[in-house]
Amino acid sequence: MNNHNIPACVWKVRVEVLKWFLVATVACTCVGVVYIQWTHIWILRAEMSEITQRFRPLETAGTEGGICCDCAVFYGVSCYHRFPERRKHEDGRDKREVTEQRKQRKRRQKRHTFVHLVPVSLQSYNDHDTTVLSWALGQSRGEGLQVSGDTVTVEAEGTYFIYSQVLYKDTTWMMGHVITKRLKGAETKLMKCLKSMPSNVSQPLNTCYTAGIYFLESGSTLQLSVPRKSAELILTAHATFMGLFSI
């Protein structure tokens with residue numbers, strides 16, 4: 001049939017039918033989109049409700065005495081604050097750990113006690129043919145060693161590294177010094193240092209350094225002396241010094 005022979009009224013009906021078909025299609029599409037969105041919202045609400053039901057025991061455990069740690073660990077939530085007894089126990093353990101750390105730090109400081117002494121003055125004793133040096137603290141750490149005048153008193157017994165150096169300015173051909181330990185009336189010469197002095201010079205200078213490792217008892221004292229009365233020494237901190245540290 002030729003389209004030119006179709007009456008105008010038929011064309012009008014066809015257009016109206018097509019229009020309503022398009023409207024219906026759009027409406028169905030919108031309804032489908034709304035349904036899908038509503039479905040997603042319903043699923044989200046269901047999940048939120050399930051989560052709320054799961055975590056509700058965690059919120060009421062503190063007042064109702066419920067056990068929540070297993071579920072809290074499972075869901076990655078801490079309920080530590082709901083148990084004051086456990087918190088008190090943990091706090092006590094923390095305090096003990098801090099106290100132990102302080103004790104260990106004090107023990108380390110005690111083990112690493114040291115003093116480095118610098119010269120202050122000389123005292124010559126003619127009857128003993130001796131010159132004794134008096135000291136001042138250059139550096140120190142810990143309380144295991146005490147300095148008083150010309151002696152060092154050991155309060156914390158242990159093994160110590162002892163060192164000393166003296167700069168001599170004397171015309172005597174041989175100079176040296178001795179470190180003596182005294183304990184309960186007994187006297188022990190721990191170290192000796194001897195050095196030949198240069199000759200044929202107007203101002204002879206020479207240093208003598210010595211060091212050693214010794215066990216020192218609590219209450220023992222150390223003294224550095226030069227076995228020569230009226231010995232001439234250079235009393236500068238970088239040239240004449242004495243020290244000891246625990247090892």
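**Close-up views of a predicted model**

View 1. Leaving aside residues up to four places away in sequence, His 177 touches Ser 164, Val 166, Tyr 168, Met 191, Lys 192, Cys 193, Cys 208, Thr 210, Leu 224, Ser 225, Val 226 and Pro 227, where contact means heavy atoms within 4.5 Å. The model is a predicted one, in which local features need pLDDT of at least 70 and side-chain atom pairs count only at pLDDT 80 or more, whereas totals for chains, interfaces and linings use all residues. Residues are numbered from 1 along each chain as its sequence is written, and side-chain values use heavy atoms, with hydrogens and water left out. His 177 is buried, its relative accessible area being 1%; here buried means under 20% relative accessible area, exposed over 50%, and partly exposed in between, with a 1.4 Å probe and protein chains only. The side chains of His 177 and Tyr 168 make a polar contact at 2.7 Å, a term for a pair of N or O atoms within 3.5 Å of which, within protein, one must be able to donate a hydrogen and the other to accept it, while residues adjacent in sequence count only if both atoms are side-chain atoms.

**View 2. The disulfide of Cys 193 and Cys 208.** The structure holds one disulfide, defined as a pair of cysteine sulfur atoms within 2.5 Å. The sulfur atoms of Cys 193 and Cys 208 are 1.7 Å apart, and the link is left-handed, with -100° about the S-S bond. Because Cys 193 belongs to strand E7 and Cys 208 to strand E8 (residues 206-216), the pair ties together parts that are 15 residues apart in sequence. Cys 193 is buried at a relative accessible area of 5%, and Cys 208 also counts as buried, at 2%.

**View 3. Lys 192 in strand E7.** Lys 192 is exposed, with a relative accessible area of 60%. Residues up to four places away in sequence again being left out, Lys 192 touches His 177, Val 178 and Thr 210. From C-alpha to C-alpha, Lys 192 and Thr 210 are 7.4 Å apart in space, although 18 residues separate them in sequence.

**View 4. Thr 240 in the loop between E9 and strand E10 (241-246).** Thr 240 is buried, with a relative accessible area of 0%. A polar atom of the Thr 240 side chain lies 3.1 Å from the backbone nitrogen of Leu 167. Not counting residues up to four places away in sequence, the residues that Thr 240 touches are Pro 119, Leu 133, Trp 135, Gln 165, Val 166, Leu 167 and Ile 234.

**View 5. Positive phi at Asp 129 and Lys 184.** Most residues other than glycine have a negative phi. Asp 129, in the loop between strand E1 (114-125) and E2, has a positive phi near 50°, and the residue is partly exposed at a relative accessible area of 34%. Lys 184, in the loop between E6 and E7, has a positive phi near 55° and counts as exposed at 83% relative accessibility.

**View 6. The largest pocket, with a volume of about 260 Å³.** Of the 14 residues that line this pocket, the closest to its centre are His 128, Thr 130, Arg 182, Gln 223 and Ser 225. On a 1 Å grid over the protein atoms alone, a pocket is an open set of points where a 1.4 Å probe fits, with protein on both sides within 12 Å along at least five of seven lines, and lining residues have an atom within 4 Å of a point. Grid points are joined across faces, edges and corners, and the volume is the space filled by probe spheres set on the points. Strand E2 (130-141), strand E6 (174-183), strand E7 (186-196) and strand E9 (221-226) each supply at least two lining residues, and E6 gives the most, with three. The lining divides into four nonpolar, five polar and five charged residues, with Ala, Val, Leu, Ile, Met, Phe, Trp, Tyr, Cys and Pro counted as nonpolar, Asp, Glu, Lys and Arg as charged, and the others, Gly among them, as polar.

Notes
Helices (H or I, at least four residues) and strands (E, at least two) are DSSP runs, numbered from the N terminus.
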